[in-house]
Amino acid sequence: MKILGINAVYHESSAALVIDGNLVAACEEERFTRIKHGKEARVDNPHQLPEQAIHFCLDYAGLRPGDLDRVAYSFDPQLRRAEFRPEWWPDPRWEVEFLRRLDQVADVASKILGRKLGRVLKFVPHHLAHAASAYYPSGFGPAAILVVDGIGEAACSTLLRGDGKQIQTIETFSFPHSLGFLWEQASVHLGFSAYDASKVMGLAAYGDPEVFSREFSTIIRVSEDGYAVDPVAFGFPSFEPKAFENLFGPKRELGAEILPRHMHLAAALQAVTNAAVIALVRRLERKVGLKHLCVAGGVALNCVTNDLIQRETGYTDIFIPSAPHDAGTAVGAALSVHCSERATSQPPRDTTPYLGPQFGEREILAAVKAAGLTPKRTKDAARDAADMIADGNIVAWFQGRMEFGPRALGNRSLLADPRRPDTRALLNRRVKHREDFRPFAPSVLEEHADEWFEVGAPSASHEYMLFACPTKAGRRERIPAVIHEDGTARVQVVRKKANPRFHDLISRFNARTGVPIVLNTSFNDSEPIVCTPAHAIHTFRNTGIDALFMGDIYLTSLT
Ligand SMILES: [Fe+2]
């Protein structure tokens, strides 16, 4: 059974292909269109489908649209009509427009695929799609599942239970009880965009969470039962920014200085998020029990909270997919339809994040030639790249299939030396142009991870940079470029079987320096992560990257 999954309802538009329960391909639309997050979350565009990601999935598998048995969209208009109240919007007419556009999804999908879809098109509840994206690939037997995001149809957090091919909802926390919206509102108040939760997360380490804890307790109350958001204190239904200004002072303007109160606000938000999510997980423990936990939803990108879940709750193994945010619901929707219609048992464990496009040498050489550059060939890309990194260069590492999810995991990465205190400033000045308070992450060989970081119980999700792990005593000084203000690092554990070439590179770096770690940040400059050789060459030429390796072909800035 061939199922195309689509996420397009809000943002992070994406497509995925599942064949007989196997996840074959998945990709975010932003990588093709070069528009970050695919599109804005607006009431008038849930029918704008990720056309290029859809075609990539089909082409990758050599399928024609007529071969598809099902198309699964990760949002359910029927459920929305049943559970969402139009008065939750500042203007109830927004909901009319939103539903009208949702009703156009079938026509748009038919047009893109060039065939009538009719009953082939299935709508999957949004949080069920999130849950499926985490539970089915986890390979766990019976497991508890937690979904936390901005909003699905009406649910903002959902507790579920997975068992074989079944996923059952236990409890939902509906609008206005949204942790995701709290982060969006805080990001905007702090002078960033609504998508910049990762900046707020970075800033939190510099603040004192106590300063605004009383103010936060008027917005969100955490208890044994979970948490509750006060809509008036929050500024709902109109997302009234005044509500935040009354509590935390004037909104920071874009580019204005970051003051201690901004850091304290971020720290208090992180603290209350930790408390709320831990309360939800404890509730899951009481209601569902079990030893394994799956987590998804945009809030599952919060590495600090994830690390706390691992440390402070009774779950021995936690699985979070590489794309826990909305992009991952394309995978979840497809797997969910497979399990409800066809499967006799749970789909096979599948934890690879390398699900996107890949390019052969002929395509790489053609792109180099088109750019008017002279390619060089290496017999040992891993060794040469490792040597350049150890010599203080910034190396772009473009290999194999692109990652699915927001983090570069060694196939579309920029790599640098973690030992040098000035690496962060160098990267920001020459390529990334990010705020200096934001940390860079380390990629560490699996064999040595425990010697450097408090990784805790092993989880496949440690391969996705989803946990902020404390650094071991005496190690911090040796890798200053990848340690955050609070002494943690957003570690990617690199397993040889999962990514042999990247593992080889770090092994060579270790052999030369005695440090089994490289700094790894996404290969981009203020735009979506590069996808094709042409994107890679464009970014290489327009920034201060010293060398670009694509397969066994490389370019240096000196040629
Ligand atoms: Fe979501």
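Is Pro348 buried, partly exposed or exposed? Pro348 counts as partly exposed, because its relative accessibility is 42%, between the 20% limit for buried and the 50% limit for exposed. Keep in mind that this is a predicted model.

Let me stay with that proline for a moment. Pro348 sits in the loop between helix H14 (329-341) and helix H15 (361-370). Leaving aside residues up to four places away in sequence, Pro348 touches Gly21, Asn22, Tyr136 and Pro137. Take Ile167 as a reference point. Pro348 and Ile167 are 181 residues apart along the chain. Their C-alpha atoms are separated by 16 Å.

Now the metal. Which residues are the protein donors of the iron ion? They are His126 and His130, each through NE2, plus Asp149 and Asp326, each through OD. These donors lie 2.0 to 2.3 Å from the iron ion. Along the chain, the donors follow the spacing H-x3-H-x18-D-x176-D. Look at one pair, His126 and Asp149. His126 lies in helix H6 (residues 126-138), and Asp149 lies in the loop between strand E6 (143-148) and strand E7 (155-163), so the pair ties together parts that are 23 residues apart in sequence. Both His126 and Asp149 are buried.

What about the geometry of the iron site? The angles among its four donor atoms run from 89 to 167°, and the site is irregular. Why is it not tetrahedral? Tetrahedral requires all angles between 85 and 135 degrees, and the range here reaches 167°.

Start with Glu12. Glu12 is not a glycine, yet it has a positive phi of about 55°. It lies in the loop between strand E1 (2-7) and strand E2 (14-19). Glu12 is buried, because its relative accessible area is 10%.

Then Asp20. Asp20 also has a positive phi, about 50°, and is not a glycine. Its loop runs between E2 and strand E3 (22-28). Asp20 is partly exposed, with a relative accessible area of 49%.

Third, Pro176. The peptide bond from Phe175 to Pro176 is cis, with omega near 10°. Pro176 is in the loop between strand E8 (166-174) and helix H7 (179-189).

Last stop: the second largest pocket. How much space lies in it? About 210 Å³. By class, its lining has five nonpolar, three polar and four charged residues. Among the lining residues are Glu446, Asp450, Glu463 and Arg495. Val455, Pro458 and His462 also line this pocket.

How values were computed
Residues numbered from 1 in each chain as written. Predicted model: local features only at pLDDT ≥ 70, side-chain atom pairs only at ≥ 80, totals over all residues. Heavy atoms only, no water. Donors = N, O, S within 2.8 Å, 3.2 Å for Na, K, Ca; no water. Tetrahedral: all angles 85-135°; square planar, octahedral: opposite > 155°, others 65-115°. Helix = DSSP H or I, 4+ residues; strand = E, 2+ residues; numbered from the N terminus. Buried < 20%, exposed > 50% of the residue type's maximum accessible area, 1.4 Å probe, protein only. Contact = heavy atoms within 4.5 Å. 1 Å grid on protein atoms, 1.4 Å probe; cavity = no way out; pocket = protein on both sides within 12 Å on 5 of 7 lines; lining within 4 Å. Points joined across faces, edges and corners; volume = space filled by probe spheres on them. Nonpolar A, V, L, I, M, F, W, Y, C, P; charged D, E, K, R; others polar.
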